[in-house]
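Visitor: Hi! I'm new to this one and would like a walk around it. Could you show it to me and then take my questions?

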Amino acid sequence: QVQVVESGGGLVQAGGSLRLSCTASGLSIEDYAMGWFRQAPGKEREGVSCVKWSGSSTYYADSVKGRFTISRDNAKNTLYLQMNSLKPEDTAMYYCAAGNIFRFPMRKGDFGYWGQGTQVTVSS
């Protein structure tokens, strides 16, 4: 049984940092493209960042480029999202996902395994 579990969310002031983690069981993340999505209240779920199974290629949404960094530790079967210079508009539920297709822009349908999400709230 595949499980994807996110952690690391919380409440932070604008300008602060958080690091999200995503641990998978029942699958090896090295076999998948891994991505982070987020969904704010009343908005569509949007792709934030993804990394190819080899780790050689990454993608970032324009809104987070230069502030967020995605990384993966295949040995620990864990995906990370380092978020710096956080803004109130980054407030959302953040989801980790594993998929078979790595492309830009990110599409929810390309990812077959999802976590339950971790809440990030940035206060102004």
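Guide: Happy to. One term before we start: contact means heavy atoms within 4.5 Å. This is a predicted model, where local features need pLDDT of at least 70, side-chain atom pairs count only at pLDDT 80 or more, and totals for chains, interfaces and linings use all residues. Residues are numbered from 1 along each chain as its sequence is written, and side-chain values use heavy atoms, with hydrogens and water left out.

Visitor: Thanks! Let's begin with Asp90. Leaving aside neighbours within four places in sequence, which residues is Asp90 in contact with?

Guide: Setting those neighbours aside, Asp90 is in contact with Arg38, Val64, Arg67, Phe68, Ser85, Val120 and Val122.

Visitor: And is Asp90 buried or exposed?

Guide: Asp90 is buried, at 0% relative accessible area. Buried means under 20% relative accessible area, exposed means over 50%, and partly exposed is in between (1.4 Å probe, protein chains only).

Visitor: With which side chains does the side chain of Asp90 make a polar contact?

Guide: One is the side chain of Arg38, at 2.9 Å, and another is that of Arg67, at 2.7 Å. A polar contact is a pair of N or O atoms within 3.5 Å; within protein, one must be able to donate a hydrogen and the other to accept it, and residues adjacent in sequence count only if both atoms are side-chain atoms.

Visitor: Which other residue besides glycine has a positive phi, near 55°?

Guide: Asn77 does. Asn77 lies in the loop between strand E7 (68–73) and strand E8 (78–83), and it is buried, at 15% relative accessible area.

Visitor: New topic: sheets. In what order do the four strands of the open sheet run?

Guide: The order is E1-E3-E8-E7, with antiparallel pairing. Strand E1 (3–7) and E7 are the edge strands, each pairing on one side only. Two strands pair if DSSP finds at least two bridges between them.

Visitor: How many bridges join E3 and E8?

Guide: Strand E3 (residues 18–25) pairs with E8 over six bridges, in the antiparallel sense. Arg19 stands opposite Gln82 in E8.

Visitor: What holds paired strands together, in general?

Guide: Strands of a sheet pair through backbone hydrogen bonds, either parallel or antiparallel.

Visitor: Which strand pairs with E11 in the parallel sense?

Guide: Strand E2 (residues 10–13) does, over four bridges, and Val12 stands opposite Val122 in E11. E9 pairs with E11 too, in the antiparallel sense over three bridges, with Tyr94 opposite Thr118.

Visitor: Which residues make up the covered face of E11?

Guide: In strand E11 (residues 118–123), Thr118, Val120 and Val122 form the covered face, while Gln119, Thr121 and Ser123 form the uncovered one.

Visitor: How many disulfides does the structure hold?

Guide: One. Cys22 and Cys96 form it, with their sulfur atoms 2.0 Å apart; a disulfide is a pair of cysteine sulfur atoms within 2.5 Å. The pair links distant parts of the chain, with Cys22 in strand E3 and Cys96 in strand E9, 74 residues apart. Both Cys22 and Cys96 are buried.

Visitor: And what about Cys50?

Guide: Cys50 is in no disulfide, and the nearest cysteine sulfur, that of Cys96, is 12 Å away. Cys50 counts as buried, at 1% relative accessibility.

Visitor: Last stop: which peptide bond is cis?

Guide: The one from Phe104 to Pro105, with omega near -5°. Pro105 is in the loop between strand E9 (92–99) and strand E10 (111–114).

Visitor: Met106 is in that loop as well. Is Met106 buried or exposed?

Guide: Met106 is buried, at 11% relative accessibility. Leaving aside neighbours within four places in sequence, its contacts include Trp36, Cys50, Tyr59 and Phe111.

Notes
Helix = DSSP H or I, 4+ residues; strand = E, 2+ residues; numbered from the N terminus.
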